[in-house]
Amino acid sequence: MNQIRRSLVCAALALMPVAAIAATSTPVPGGANQVKALSGKLGDTIFNGVVRITFSSLNVTTAKEDVDYVNTSGGKKVMKLTMLLRNGSTDDFTELMSYTLADKDDVAVAIGGSSLHPGNLHILQGAAARQIAIFTVDPNFVPVKLIVECATCPARSAFRAVRFTIPAAP
């Protein structure tokens, strides 16, 4: 019996370095790809079970009315995001949307609700609304992904998050 125990202990000790190596080679979870989401790219229309979401544009803006709207202290750049949301459900859509940009290193910037116009959506069945966000980011921030989520949808909602890829500027 002792021989069997010694054999099992030796086998376990022999496998420990392999387990330690395997554990260190696993990438750290997280980042913009961690969110379970449907995928598309800038310009695509994605139906997520509740709304058809079209990521229309994302640009750096220097228009006076946009720049005057936000606080540009600290050398921040002003960006403008435009989304088109079409209600594909049988009820009015009155939820709050949430937008998050991520760069190539998965550094995320959440677009605050106060930046969204209109902030409180009320989209009738079969109708659409355009939502615009004007916000600031660090001057070296270059977004490559946009994650669209519903901030107020109940857990039982059919709303599914959408991840849009943003192509590199030419």
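Is Asp44 buried, partly exposed or exposed? Asp44 is partly exposed, at a relative accessible area of 24%, where buried means under 20% relative accessible area, exposed means over 50%, and partly exposed lies in between (1.4 Å probe, protein chains only). The model is predicted, so that local features need pLDDT of at least 70 and side-chain atom pairs count only at pLDDT 80 or more, while totals for chains, interfaces and linings use all residues. Residues are numbered from 1 along each chain as its sequence is written, and side-chain values use heavy atoms, with hydrogens and water left out.

- Strand β5 covers residues 97–103, with helices (H or I, at least four residues) and strands (E, at least two) taken as DSSP runs numbered from the N terminus.
- Six of the seven residues of β5 are buried, so this strand is largely enclosed by the rest of the structure.
- Strands β5 and β9 pair in the antiparallel sense over seven bridges, pairing being assigned if DSSP finds at least two bridges between two strands.
- Strand β5 is also joined to β6 by four bridges, again in an antiparallel arrangement, and these two strands form a hairpin with four residues between them.
- Ala102 stands opposite Lys145 in β9, and its bridge partner in β6 is Ala108.

**Nonpolar core**

- The largest nonpolar core holds 32 residues, of which Leu81, Tyr99 and Leu146 touch the most other members; such a core is a set of buried Ala, Val, Leu, Ile, Met, Phe, Trp, Tyr and Cys residues joined through side-chain atoms within 4.5 Å.
- At least two residues of this core come from each of β3 (51–60), β4 (77–87), β5, β8, β9 (143–150) and β10 (162–165).

- The structure holds six salt bridges, each defined as a side-chain nitrogen of Lys or Arg within 4 Å of a carboxyl oxygen of Asp or Glu.
- One of them links Asp44 to Lys41, with the closest N and O atoms 3.3 Å apart; Lys41, at 48% relative accessibility, counts as partly exposed.
- Another brings together the side chains of Lys64 and Asp68 at 2.6 Å, N to O, and both residues lie in helix α2 (residues 64–69), four residues apart, or about one turn of the helix.
- Lys64 is exposed at a relative accessible area of 58%, and Asp68 is exposed at 51%.
- Asp106 forms a salt bridge with Lys145, the closest N and O atoms being 3.2 Å apart.
- Because Asp106 lies in the loop between β5 and β6 while Lys145 lies in strand β9, this pair ties together parts that are 39 residues apart in sequence.
- Asp106 counts as partly exposed at 28% relative accessibility, whereas Lys145 counts as buried at 13%.

**Backbone geometry**

- Most residues other than glycine have a negative phi, and most peptide bonds are trans.
- Asp106, in the turn of the β5 and β6 hairpin, has a positive phi of about 65°.
- A cis peptide bond joins His117 and Pro118, with omega about -10°, and Pro118 is found in the loop between β7 (116–117) and β8 (128–137).
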